[in-house]
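Here are a few notes to read alongside the model, from one colleague to another.

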Amino acid sequence: NIKGALFDLDGVIVDTAKYHYLAWKRLAGELGFEFTEEHNERLKGVSRMRSLEILLEVGGISCTPEEKLAMAEKKNNWYVEYIKKMDESEILKGAREYLLKLKGEGVKIALGSASKNAPMILENLGITNLFDAVIDGNKVSKAKPDPEVFLLGAKELGLKAADCIVYEDAEAGIEAARRAGMGTVGIGSRDILKEADMVVSGLYELL
Ligand code: G6P
Ligand code: MG
């Protein structure tokens, strides 16, 4: 019997992947190489620093830790410019309705995201108040597939891991949830989310 639902943000509730991509592409452009949408797939669910490392790998560029920090900050400033302009219209189909449905059934709701920008995104989408707990990139030290983010979410909801279910679009996120001992709903395609208990195209399918 499910008592808690933990949601990833990017790709589950909102499509921020396109803004991450625009910002990473711009950085690659400045560094003098092309960064494609296919390359960008590898960054989903991955932390900011790890994303930068993958991008630099693609470009065949090596740099110092200081340079990396500066690049990550630059990318984030661009990204924040994009998401500042987001509004309620960018919430993915069925997401708000599904959160409300669960709330109506007495299920506790938490966010479990690697993004340090998650609080601003929830604000802009007008859904902060639908969450009983928000675990974001500022609260965790170990990135998915480490289960930390979801274990902390269950803890803040006051629930046992086994009573929680996780909604994720990234392979690393499904693995994190499984390692936490939680049920999993994959958002996307079965080809990628091989280990999920079930897979749907979007939360609208669960209404
Ligand atoms: C999510 C996204 C990743 C992003 C990460 C960190 O997991 O799927 O693409 O790199 O969050 O986001 P941030 O906003 O902190 O850079
Ligand atoms: Mg995601």
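The points below go through the two ligand sites and one residue of interest.

1. Please keep in mind that this is a predicted model. The distances and areas below are all computed from it.

2. Let us start with ligand 1. Its surroundings comprise 14 residues, and the closest are Val46, Arg48, Ser115, Lys116 and Asn117. Sorted by class, this shell holds 6 polar, 4 charged and 4 nonpolar residues.

3. Which protein groups lie at 2.7 Å from an oxygen atom of ligand 1? One is an N or O atom in the side chain of serine 115, and another is an N or O atom in the side chain of asparagine 117. The backbone takes part too: a polar backbone atom of glycine 45 is 2.9 Å from an oxygen atom of the ligand. Taken alone, ligand 1 exposes 390 Å², and the protein buries 96% of that.

4. Beyond its neighbours within four places in sequence, asparagine 117 is in contact with Arg48, Asn76, Tyr79, Val80 and Ile83.

5. Now to the magnesium ion (ligand 2). Its protein donors are Asp8 (OD), Asp10 (O) and Asp169 (OD), at 2.0 to 2.2 Å. Along the chain these donors follow the spacing D-x1-D-x158-D. Aspartate 8 and aspartate 10 are both buried.

Definitions and conventions
Residues numbered from 1 in each chain as written. Chains lettered and ligands numbered in written order. Predicted model: local features only at pLDDT ≥ 70, side-chain atom pairs only at ≥ 80, totals over all residues. Heavy atoms only, no water. Near = heavy atom within 4 Å. Polar contact = N/O pair within 3.5 Å; in protein donor to acceptor, adjacent residues only side chain to side chain. Areas by Shrake-Rupley, 256 points an atom, 1.4 Å probe, with all protein chains shown as cover. Nonpolar A, V, L, I, M, F, W, Y, C, P; charged D, E, K, R; others polar. Donors = N, O, S within 2.8 Å, 3.2 Å for Na, K, Ca; no water. Buried < 20%, exposed > 50% of the residue type's maximum accessible area, 1.4 Å probe, protein only. Contact = heavy atoms within 4.5 Å.
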